[in-house]
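Visitor: I am new to reading protein models. Please show me how to go through one, feature by feature.

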Amino acid sequence: MSRLELRKVVKHYRGSDEMVRAVDDVSLRVAPGELVALYGPSGAGKSTLLLLAAAIERPDAGDVRFDGRSLAALSPGELALHQRRNVGFVTQDPHLLPGVPAVENAALKLLADRVSLREARRHAGVWLDRVGLGHRLGHEPARLSGGERQRVAIARALVNEPALVLADEPTGNLDSRAGGEVLALLASVCRERGAGALLVTHDPQAADVADRVLVLRDGRVGARDAGSADAPSAAADAQAAAAATARSALP
Ligand SMILES: Nc1ncnc2c1ncn2[C@@H]1O[C@H](COP(=O)(O)OP(=O)(O)OP(=O)(O)O)[C@@H](O)[C@H]1O
Ligand SMILES: [Mg+2]
């Protein structure tokens, strides 16, 4: 059974004069223990696809399923519980609570689940240590660097060991060494704990740790197996996507 399955999912946004086909008939699966990297140029629909996978956005058509169960059938209360218990979502912008120490920001889901403050802090401290921030537990967001804030968001997503990890450019603010460590951590969360992960990225290193690489262009997905004989072209595809993104960012 797939941990995450998208079946013919469509999400269109109404622009001022035209319809934006942000996600256009996408089907994909992520198995337990599998890490799938999703590349694609800016505006391709990657963040929209993750919002749909996290059930934060509802699709206009098609179905999003978690462990074989359609999320469309869940009530708002069940959806909120699903998002908190089963999904670790690393958003493109960390959205940490201002004025709150890193360790409590990382502990938020545990506190929402009524874990005691002491126990929640202990767990969050372990995960902050894993992302290299064991020495910054008491720092509030304003006293952290951009890359450190991003790593707090990663610890916050992983703190309750969710079955599905959705990460939107989690290494975007990190240098290549810190980025490599975060990618290795995500890969180990998948392999050792059986989580499924869908990782939106521009980082060429992600292709090395991923089981599969997908490329999204204009809301449509293409696939190549990172582990197959196609591997060099999967890596090349990832690099081409990263290069296309870099070009589209130029003035
Ligand atoms: N709420 C919205 N209303 C209207 N259009 C939107 C909305 N959100 C996204 N879009 C449009 O949908 C398309 C896909 O956006 P999305 O944020 O998914 O892209 P992305 O691949 O994540 O890009 P990036 O790499 O820059 O983060 C873009 O053209 C964007 O302008
Ligand atoms: Mg995005």
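**Around the ligand**

Guide: This is a predicted model. Start at ligand 1: α1 gives the largest share of its shell, three residues.

Visitor: Which elements each supply at least two residues of that shell?

Guide: They are β2 (19-30) and α1 (46-53). Among the residues surrounding ligand 1 are Tyr13, Val20, Ala22, Lys46, Ser47, Thr48 and Gln92. The run from Ser42 through Gly43, Ala44 and Gly45 is also part of the surroundings.

Visitor: How do the residues of the shell divide into nonpolar, polar and charged?

Guide: Seven are polar, four are nonpolar and one is charged.

Visitor: Now the strands. What is the order of the open sheet of four strands?

Guide: The order reads β2-β1-β4-β5, and the pairing is antiparallel. An edge strand pairs on one side only; here those are β2 and β5 (69-70). Look at the β5 end. Strand β4 (residues 61-66) runs antiparallel to β5, and two bridges join them. Phe66 faces Arg69 of β5 there. Across the whole protein chain you will find nine helices and 10 strands.

Visitor: And the inside? Which residues have the most contacts in the largest nonpolar core?

Guide: First the general idea. In soluble globular proteins, nonpolar side chains tend to be buried together. In this model, the largest nonpolar core holds 70 residues, and Leu186, Ala197 and Leu199 have the most contacts inside it.

Visitor: What does Leu186 touch, leaving aside neighbours within four places in sequence?

Guide: Leu186 is in contact with Leu35, Val165, Ala167, Ala197 and Leu199.

Note on methods. Residues numbered from 1 in each chain as written. Chains lettered and ligands numbered in written order. Predicted model: local features only at pLDDT ≥ 70, side-chain atom pairs only at ≥ 80, totals over all residues. Core = buried A, V, L, I, M, F, W, Y, C linked by C-beta atoms within 7 Å. Buried ≥ 20, exposed ≤ 12 C-beta atoms within 10 Å, placed from the backbone. Contact = placed C-beta atoms within 7 Å. Near = placed C-beta within 6 Å. Nonpolar A, V, L, I, M, F, W, Y, C, P; charged D, E, K, R; others polar. Pairing = 2+ DSSP bridges.
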